[in-house]
Amino acid sequence: MSRLIRIDWPDNGTPDLPPALSLAECEARLASLRAAAAAAGHDVIVIYADREHAANLHWLTGFDPRFEEAVLVVTPGDALLLAGNECLAYTSVSPLVRAGLVRVGHCASLSLPSQPRAGRRLVDWLADMLGTDDRVGAVGWKWFGEDEVDDPAGTLDLPAFLADPLRLLAGRVENATPLMMHPVHGLRARVDAVGIARLEFANHMAAAALKRLVFGLREGMTDFQAIEAARLGGLPLGCHATFAVGEAPGLCGPSGAHLTPGQPVSFNICHWGANICRAGWLARSAADLPATARDYVQTFVEPYVTAMSDWCALMRPGVCGGYVWSHMMAALPAETFGITLNPGHLIGLDEWISSPIREGSTDPLASGMAMQMDVIPAHPVYGSTRMEDGYVIADDTLRATLERDFPDVARRCAARASFMREVVGMDVPDTLLPLADTCGIVAPYLFDPAQIVIC
């Protein structure tokens with residue numbers, strides 16, 4: 001049975017700045033894309049990116065459009081990056097561009113409305129790269145199943161101004177987004193040791209901001225002031241920060257609401273590679289809750305923390321994603337906990353890549369999966385609770401590489417796992433690397449966050 005204890009939240013120190021994306025990494029990633037495209041029968045790969053859907057392009061090149069759009073065309077022997085007016089100079093952040101391995105072209109149609117449109121049209125740039133018999137693989141940010149559309153392969157997740165000229169110029173255009181994002185074979189579905197170091201830095205930055213927010217909560221302050229207390233560190237956001245009070249839907253941001261005892265609340269801080277979320281009540285004890293919710297900790301939070309311990313225990317290479325789904329749904333019955341999304345998913349620069357954890361999934365968990373503990377309960381009386389943080393599943397080989405190349409990262413991950421086991425009482429296997437000092441912490445009464453629930 002779980003219970004409340006009072007502790008100081010862990011502080012394992014600030015990570016060093018991780019290594020920047022290198023030319024060698026980019027070259028290897030571009031080569032892996034070409035190999036995967038050839039194996040799938042694609043002659044050309046076309047990658048679309050905008051501000052929200054930039055992760056695939058950034059993973060390959062180190063470049064992301066800041067508030068425009070961009071298109072990368074990759075053939076077996078060439079690569080062309082098309083950028084708009086304001087991002088054209090910014091393409092130089094890419095190691096591949098600086099090395100001359102990716103050419104750059106200016107396409108004003110990728111710019112914002114009403115800006116100058118001089119220069120070559122998108123269709124003309126594409127015509128230089130495509131042949132009439134080419135089979136094009138188009139990469140956006142999602143793919144589709146037979147239960148959604150009649151032609152999954154031919155259904156594109158691209159804007160029409162790109163999809164139309166591709167279909168005009170090429171022999172066949174197919175959705176190739178799974179090459180990048182599929183949980184089993186997607187190129188972005190695994191991270192290596194340097195990737196873990198980068199993810200840990202992002203998770204630390206987000207978790208530190210969330211901790212500042214939590215310990216800055218005061219009765220009577222506005223939700224704007226609560227977000228100000230987080231003091232975001234400057235990393236790019238993977239999604240907007242939320243702060244939902246009372247009956248506001250969970251994805252809401254601050255609205256000027258004043259924080260008063262007896263209100264449910266949820267909030268998150270999300271950077272590229274990290275989304276740290278918590279939910280609970282603006283309260284100091286059960287006495288501050290509505291009478292119908294005063295058994296919140298015993299009835300709602302304690303079973304949740306126990307289920308999250310089970311979730312951790314399942315994060316081992318080879319465990320079937322469908323088994324994780326069914327186990328979590330049994331541990332958190334829908335009539336009480338109302339889980340509607342996947343209990344865990346892959347995370348990258350985008351907050352959600354994809355997930356091996358689906359109903360009926362035969363996809364196995366694998367070493368190198370960066371996994372978000374994203375299990376979101378909801379109840380009309382109890383509100384919600386949450387310990388949403390980032391982890392990496394790592395086998396012996398990956399852990400040994402991390403310890404060799406990034407010993408401080410490995411040490412902090414081990415310290416977090418030890419805290420989760422020895423203080424919180426969670427079943428954390430050696431194969432699970434916690435990336436943030438908030439891992440394992442659920443503080444149900446957020447006006448007194450030193451109280452946490454243990455197993």
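Student: How many bridges join β8 to strand β9?

Tutor: This is a predicted model, in which local features need pLDDT of at least 70, side-chain atom pairs count only at pLDDT 80 or more, and totals for chains, interfaces and linings use all residues. Residues are numbered from 1 along each chain as its sequence is written, and side-chain values use heavy atoms, with hydrogens and water left out. Helices (H or I, at least four residues) and strands (E, at least two) are DSSP runs numbered from the N terminus, and two strands pair if DSSP finds at least two bridges between them. β9 (residues 263–271) runs antiparallel to β8, and the number of bridges joining them is four.

Student: Which strands stand at the edges of the sheet?

Tutor: The open sheet has four strands in the order β8-β9-β10-β13, with antiparallel pairing. Each edge strand has a single partner, so one side of it is left without a neighbour in the sheet. These strands are β8 (242–245) and β13 (386–388).

Student: By how much are neighbouring strands of this sheet turned against each other on average?

Tutor: Axes are lines fitted to C-alpha atoms, for helices over the stretch in contact, and angles between N-to-C directions run from 0 to 180 degrees. With direction ignored, the average for neighbouring strands is 10°.

Student: What angle does the direction of helix α7 make with that of β9?

Tutor: Helix α7 (residues 193–216) packs on the sheet and touches β8, β9 and β10 (274–282), where contact means heavy atoms within 4.5 Å. Its direction and that of β9 make an angle of about 150°.

Student: How is the pair of Y296 and F300 classed by its rings?

Tutor: Rings of Phe, Tyr and Trp (its six-membered ring) pair if their centres lie within 6.5 Å, and planes under 30 degrees apart count as stacked, over 60 as edge-to-face and the rest as tilted. The centres of Y296 and F300 are 6.1 Å apart and the planes stand at 25°, so the pair is stacked.

Student: Which residues form one aromatic cluster with Y296 and F300?

Tutor: Y296 and F300 are four residues apart in helix α9, so about one helical turn separates them. Their aromatic cluster also holds W281, F337 and Y382.

Student: How are α12 and α13 oriented to each other?

Tutor: The axes of α12 (residues 396–405) and α13 (residues 407–424) come within 5 Å and cross at roughly 120°. Angles under 35 degrees count as roughly parallel, over 145 as roughly antiparallel, 65 to 115 as roughly perpendicular and the rest as oblique. The two helices are therefore oblique.
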